[in-house]
Structure formats: C-alpha cells, structure tokens
Amino acid sequence: MAVPKVAVVGAGVIGLSTALCITETCPSCSVTVLSDQFSPNTTSDVAAGMLIPHTYPGTPIHMQKQWFKETFTYLFAISNSAEASEAGIHLVSGWQVFKNTPKEELPFWSDVVLGFRPMSEAELQKFPQHRFGQAFTTLKCDCPPYLLWLEKRLKAAGVRMYTRKVADLWELHSEYNIVVNCAGFGAHQLVGDEKLFPIRGQVLKVHAPWVKNFIRDGDGLTYVYPGIHRVTLGGTREKESWSLSPEPGTTKDIFDRCCSLEPSLWRAQDIKVKVGLRPSRESVRLQREVLSQGGVKLQVVHNYGHGAGGFSVHRGTAKEAAQLVGECIAALRGSSSRAKL
Ligand code: FAD
C-alpha cells in the first residue's frame with residue numbers, strides 16, 4: 001500500500017472537518033469526500049452554529065470537554081485571523097437565562113468559554129420572567145460560509161469531492177483502503193444503526209441587524225443567536241419526528257417566544273424558515289471497525305451521531321477520527337509487511 005486511499009462519506013460539518021484533519025495528520029494520504037448532498041443542502045446548513053455544548057449522556061464528561069475545548073481553540077484562532085469573515089466565525093456575547101436557579105450553576109464548559117459569570121441584578125432586569133442567569137462570550141459559526149470555507153481548504157489540500165450516494169460501505173472496498181463514515185443521520189440507513197434517532201428542529205433566520213447579543217433560555221428551547229448577516233431564532237426539539245416540512249403554527253410559536261425574550265424582534269424582517277433532523281444518539285459513535293467478506297477486509301472509522309451539538313465539538317471529534325485513521329494505516333502497513341514475509 002504505497003499511498004493510503006481514504007474515502008470520507010458525508011459533507012456536513014463532521015465529514016468536511018474530519019477530511020481536513022486527515023489531510024493534516026496524514027499528508028501522504030489520498031483523501032476523497034463522497035456525499036449525496038453538499039452545502040447548502042445538509043443538516044449542518046440549518047444549524048445555528050453556536051458553541052454551547054449539548055451533553056451526550058453516554059460519553060464521559062472529560063471527553064466532551066476535551067472535544068469542546070479543541071473546537072473552541074481552533075475556531076477562536078480563526079476568529080482572530082484575516083480568515084474570520086470568509087469562514088463566518090465570530091465571537092458573540094450574551095446571556096443564558098433561567099426561570100429557576102439551575103441545579104448546576106457551573107456547567108462543565110464554563111471555563112472554556114470566555115468571561116463566564118453570574119448575571120448581575122441590573123442585567124436580569126432585561127428579563128423580567130427570569131430569576132437567574134449566566135453571562136459569557138462564545139463563538140458562532142455562520143454555517144453555510146463555514147462549510148464552503150472547509151470545502152475550499154480541502155480542495156487546496158488536493159482532496160477530491162464527488163456527489164455519490166453510498167448504499168453500503170462495503171461497495172467502496174475495491175476503491176479505498178479506509179472508509180470514514182460521517183453520514184450523520186444517513187448512518188441510520190447506511191449502517192442500520194437503530195441507536196440513531198432524529199430530533200427535529202425548526203428555526204427562523206431573520207433580518208434584525210440591531211440584535212448583537214445572544215439570548216438562550218436555560219431549557220435550550222428558545223434562543224436568539226445573532227450571526228454576521230442573519231439572526232437565528234429557535235426552536236424546537238421533536239424526538240422521533242421525521243418531517244422536513246416547516247410547520248406554520250410552530251413558526252408563529254417560535255417567533256412569539258423569541259419576541260418575549262427580545263421584544264425588538266417584533267420589527268424583524270425577511271423571515272425564512274428552516275428545518276433539520278439532528279442525528280441523535282446517547283453518545284457520538286467514534287469507533288474503528290473492520291468489515292470482512294470472504295477473507296477481504298475493509299478498515300472503517302465511524303464519526304457520527306453528534307445530535308444537537310455537532311458544531312460545538314466538531315474539531316475535537318474530527319481530530320480523534322483522524323487518529324483512528326492513523327491506527328488503520330498502521331494496521332494495514334503491519335498486515336502488508338507480514339504478507340511479504
Ligand atoms: P449532516 O450535516 O447531516 O451531514 C451528513 C452528510 O452525510 C450529508 O452531506 C449527507 O448528504 C451525507 N450522507 C448521508 N447519508 C449518505 C449516504 N448514504 N451516502 C452519501 N452521503 C450521505 N449544533 C451546535 O453545535 N450548535 C448549534 O447551535 C446547533 N443548532 C442546531 C439547530 C438545528 C435546528 C439543528 C437541526 C441542528 C443544530 N445543531 C447545532 C446540530 C448540528 O447541526 C449537527 O450536530 C451537525 O450538523 C451534524 O453534522 P453531520 O455532518 O454529522 O451531519
């Protein structure tokens with residue numbers, strides 16, 4: 001095996017960032033991205049792209065923190081460079097507010113974001129229905145520009161990208177040495193993962209350039225996240241709902257909830273509605289697997305199931321997936337040198 005051939009299936013934030021990490025850790029690899037959809041038609045394009053972690057109950061907190069920290073550090077450096085506007089990455093300050101004081105006043109990520117502190121009484125006056133709040137500065141990705149920026153970096157690194165629906169990972173075994181499965185919710189069908197389920201999210205993207213601070217209700221259901229050009233208003237979390245059609249009643253409900261947090265939004269214009277299915281699982285599947293048929297083997301790395309928090313941890317999980325690809329290469333080199341003996 002002179003040059004390891006790697007196929008990454010999926011072109012959402014997870015597939016593109018994983019492909020990029022593979023080119024960085026294994027510059028001699030030949031990397032190809034295969035996907036049935038690219039930006040602007042992925043779930044990743046619908047996301048708000050805020051770096052506020054979602055908790056995966058099946059993954060140790062120290063790992064989740066490490067993934068978040070790596071992602072924050074990576075995007076913070078981009079936000080502090082000339083690339084920031086093209087990549088759609090910016091710092092944003094704001095408030096997470098609670099109707100009742102939460103059990104956990106210091107979330108595990110509080111020392112990763114910047115300037116985390118309890119809100120003052122004066123700040124809380126802005127939110128008369130809330131009794132407690134946390135102020136901090138975090139990062140936000142404007143998702144479609146960030147995905148295009150990742151694609152541009154991949155092309156510059158010599159990565160090929162093809163539109164292709166993969167019906168079965170095994171169909172790639174004659175063309176590639178290693179397959180990385182970043183199919184998001186598509187993994188439900190692609191590898192028959194019954195642990196993967198959809199959590200439907202509907203959001204509004206509005207024109208309200210005067211809104212500069214984020215506001216998130218502590219239950220995570222209602223949020224106002226200002227981006228570079230549009231403000232994302234959310235949202236919904238509908239478990240096991242598969243519909244990608246916007247619900248007009250839900251649009252009104254989201255708008256009303258957000259206006260009660262930020263009354264200036266009553267004047268928002270050009271409301272666009274988006275729907276996505278979060279690829280949800282108890283834990284992200286970040287794992288090596290060796291498929292085998294008739295004595296022929298295919299090295300596989302899975303990296304999917306990021307649910308409501310894919311943007312918040314994408315770089316950390318991509319780095320770990322790239323390390324697993326490194327282990328696959330070592331295993332392939334080991335078996336080819338044994339075969340020569
Ligand atoms: P996707 O973006 O769905 O990409 C999967 C890719 O695989 C696609 O390109 C698809 O075409 C391809 N594919 C699938 N099956 C196949 C196949 N068989 N063959 C070939 N290609 C295939 N996260 C945050 O961190 N912060 C937020 O603020 C945030 N807000 C969100 C708001 C909403 C409304 C929603 C829906 C999600 C939000 N998320 C947020 C979560 C985030 O969007 C996801 O965790 C993330 O997008 C998952 O990325 P992914 O690349 O795994 O999946």
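Student: How many salt bridges does a search of the whole structure find?

Tutor: This is a predicted model, and a search of the whole of it finds 19 salt bridges. One of them joins Arg117 to Glu123, with the closest N and O atoms 2.9 Å apart, and Arg117 counts as partly exposed because its relative accessibility is 37%.

Student: Which parts of the chain does the pair of Asp193 and Arg281 link?

Tutor: A salt bridge is assigned when a side-chain nitrogen of Lys or Arg lies within 4 Å of a carboxyl oxygen of Asp or Glu. The side chains of Asp193 and Arg281 meet in this way, at 2.9 Å from N to O. The pair links distant parts of the chain, 88 residues apart: Asp193 lies in the loop between helix H7 and strand S8, and Arg281 in the loop between strand S13 and strand S14.

Student: Are Asp193 and Arg281 buried or exposed?

Tutor: Buried means under 20% relative accessible area. Asp193 has a relative accessible area of 8%, so Asp193 is buried, and Arg281, with 12%, is therefore buried as well.

Student: How should I read the salt bridge between Arg288 and Glu327, and what is the distance between the closest N and O atoms?

Tutor: In that salt bridge the closest N and O atoms are 3.6 Å apart, and the pair again links distant parts of the chain, with Arg288 in strand S14 and Glu327 in helix H9, 39 residues apart. Arg288 counts as partly exposed because its relative accessibility is 31%, and Glu327, with a relative accessible area of 40%, is partly exposed too. Elsewhere, Arg164, Glu171 and Glu175 are linked in a network of salt bridges.

Student: Turning to the nonpolar residues, how many residues does the largest nonpolar core have?

Tutor: A nonpolar core gathers buried residues of nonpolar type that are joined through side-chain atoms within 4.5 Å. The largest one here has 66 residues, and those with the most contacts inside it include Val6, Leu75 and Tyr146. Helix H9 (residues 310–340) supplies the largest share of this core, ten residues. Among the residues that Leu75 touches, leaving aside those up to four places away in sequence, are Leu51, Tyr146 and His314. A second, separate core of 21 residues includes Trp95, Val97, Val224 and Leu261.

Student: Which residues form a nonpolar patch on the surface?

Tutor: Phe76, Leu91 and Leu114 form such a patch, and together they have about 210 Å² of accessible area. Leu91 belongs to strand S3 (residues 89–98), and Leu91 counts as partly exposed because its relative accessibility is 39%.

Terms used
Residues numbered from 1 in each chain as written. Predicted model: local features only at pLDDT ≥ 70, side-chain atom pairs only at ≥ 80, totals over all residues. Heavy atoms only, no water. Patch = residues over 30% accessible without salt bridge, like charges linked within 9 Å, V, L, I, M, F, W, Y side chains within 5 Å. Areas by Shrake-Rupley, 256 points an atom, 1.4 Å probe, with all protein chains shown as cover. Helix = DSSP H or I, 4+ residues; strand = E, 2+ residues; numbered from the N terminus. Buried < 20%, exposed > 50% of the residue type's maximum accessible area, 1.4 Å probe, protein only. Contact = heavy atoms within 4.5 Å.
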